[in-house]
Amino acid sequence: MPSKDVDLFSRLYAGALDLKNRVVMAPMTRGRAADDGTPTELMAEYYAQRASAGLIITEGVYPCDMGKGYLRTPGICTDEQVDAWRQITDAVHAAGGVIVMQLMHAGRISDPSFLPGGATPVSASAVPARGESLTDAGPKPFVTPRAMTIDEIEEVIEDYRTATATALFAGFDGVELHAASGYLPEQFLCSRSNLRDDEYGGSLENRARFILELADAMASVRSGDYIGIKLAPEMVFNDIADDTPQDTYSYLVEQLNDYRLAYLHVAQFEASTDYHELLRPLFRGDAYLAGGNLTQASAEEMVRSGRADAAVFGNAFISNPDLPERFRHNAPLTEPDRDTFYTPGPKGYTDYPPMS
Ligand SMILES: Cc1cc2nc3c(=O)[nH]c(=O)nc-3n(C[C@H](O)[C@H](O)[C@H](O)COP(=O)(O)O)c2cc1C
């Protein structure tokens, strides 16, 4: 409910998550993990620097080896990876932060060079995305993926269940299902990338089934109170497209209510409609997180008016590790350097200073 007493600095309870403010750090792939997907000490420093966020959502993390889609992205599959994530959650908690892991399976937005034994990427159907994968050997056109069998779908759902349990074991406060940006879950959801004629394709009910089963599996680990989901309707990134996005996302959100999730995170970009207005009233979980090109002023307006419970910032958190403090003091923001978004090492990663 709108309340004039609520602002970006108000506390927020979202399921099991206790946010000290409503300024949320967006999930952002930064390419600072080891080649084998093990998180690094540098990542612990980076996330701990940003612990003043009400909530940190990690970069996309692959739940199984076939989910890896980019260079130096982290996984949560091996003991080494789990131990390294534990260092990160400890560092963030020691700095007073709250952190959830985003699970991301790239599906067709991968390349054999990232996958075990040079395997062909998998997807809902054998429909390639237009565009290029940024591989070690330079940009390569996306390959035609292989359509997953029913057994493989069931296995991946189990991988998400296991990854969720493992993330909570590694000290994460919750787990977010990445169902945006044209990755595997959205490849099932959207009509142009899903041409299946079994129970995972065809009708809207069937196309949504994979995401709903993922949410169900993740919520089954402890409860929906530990789980959030990210959507970004009509985001054209990674060549994803749906013929009836308003119906598709409305249906999905209504069905997600069954799992009593902690939050729904919607990133809105240029689109045919205002999805915050469409989806927020449909969601009956605890908290609605809105993101996508927000400024302090627009975020403040959304939270004060009750259009969102919290505001999610991506770019601004890259270059302003103490973003909530800057907002509190109306301090100027530092612009991020795009050239170092995905490059290895501390430059453009942990070397942005806090406000002096
Ligand atoms: C460098 C970079 C990496 C990103 N990686 C991810 C990702 O791993 N998962 C995800 O859901 N979104 C990712 N995003 C999108 C952000 O979460 C966010 O939706 C987007 O940046 C819009 O918010 P902003 O305008 O405040 O930056 C990424 C964005 C940037 C800039």
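Select Asn320 to start: this residue lies in the loop between helix H9 (315-319) and helix H10 (323-328). Helices (H or I, at least four residues) and strands (E, at least two) are DSSP runs, numbered from the N terminus. The model is predicted, so local features need pLDDT of at least 70 and side-chain atom pairs count only at pLDDT 80 or more, while totals for chains, interfaces and linings use all residues. Residues are numbered from 1 along each chain as its sequence is written, and side-chain values use heavy atoms, with hydrogens and water left out.

Asn320 is buried, at a relative accessible area of 0%. Here buried means under 20% relative accessible area, exposed means over 50%, and partly exposed is in between (1.4 Å probe, protein chains only).

Show the side chain of Asn320 together with Ala316 and Arg326. A polar atom of the Asn320 side chain lies 2.9 Å from the backbone oxygen of Ala316. The side chains of Asn320 and Arg326 are joined by a polar contact of 2.8 Å. A polar contact is a pair of N or O atoms within 3.5 Å; within protein, one must be able to donate a hydrogen and the other to accept it, and residues adjacent in sequence count only if both atoms are side-chain atoms.

Next, select Phe317 and Arg50. They are 267 residues apart in sequence, yet their C-alpha atoms are 7.6 Å apart in space. Arg50 belongs to the loop between helix H1 (41-49) and E4, and Arg50 is buried, with a relative accessible area of 0%.

Move to the ligand. Which residues come nearest to the ligand? Of the 17 residues around the ligand, they are Pro27, Thr29, Asn293, Gly314 and Asn315; a residue is near a molecule if one of its heavy atoms lies within 4 Å of it. The shell residues divide into eight nonpolar, eight polar and one charged. In this count Ala, Val, Leu, Ile, Met, Phe, Trp, Tyr, Cys and Pro are nonpolar, Asp, Glu, Lys and Arg are charged, and the others, Gly among them, are polar.

- Thr29: an N or O atom of its side chain is 2.6 Å from an oxygen atom of the ligand.
- Gln102: an N or O atom of its side chain is 2.9 Å from a nitrogen atom of the ligand.
- His178: an N or O atom of its side chain is 3.0 Å from an oxygen atom of the ligand.

On its own the ligand has 610 Å² of accessible area, and the protein covers 88% of this. Accessible areas come from the Shrake-Rupley method with a 1.4 Å probe; for residues, only the protein chains shown count as cover.

Now check two backbone angles. Most residues other than glycine have a negative phi. Arg72 is not a glycine but has a positive phi of about 50°. Look for Arg72 in the loop between strand E4 (55-61) and helix H2 (79-94); Arg72 is buried, with a relative accessible area of 18%. Glu234, also not a glycine, has a positive phi near 65°. Glu234 is in the loop between strand E11 (227-231) and helix H6 (245-256) and is partly exposed, at 24% relative accessible area.

End at helix H5 (residues 204-221), where Glu213 lies. Glu213 counts as partly exposed at 28% relative accessibility. Asn206 is also found in helix H5, and at 16% Asn206 counts as buried.
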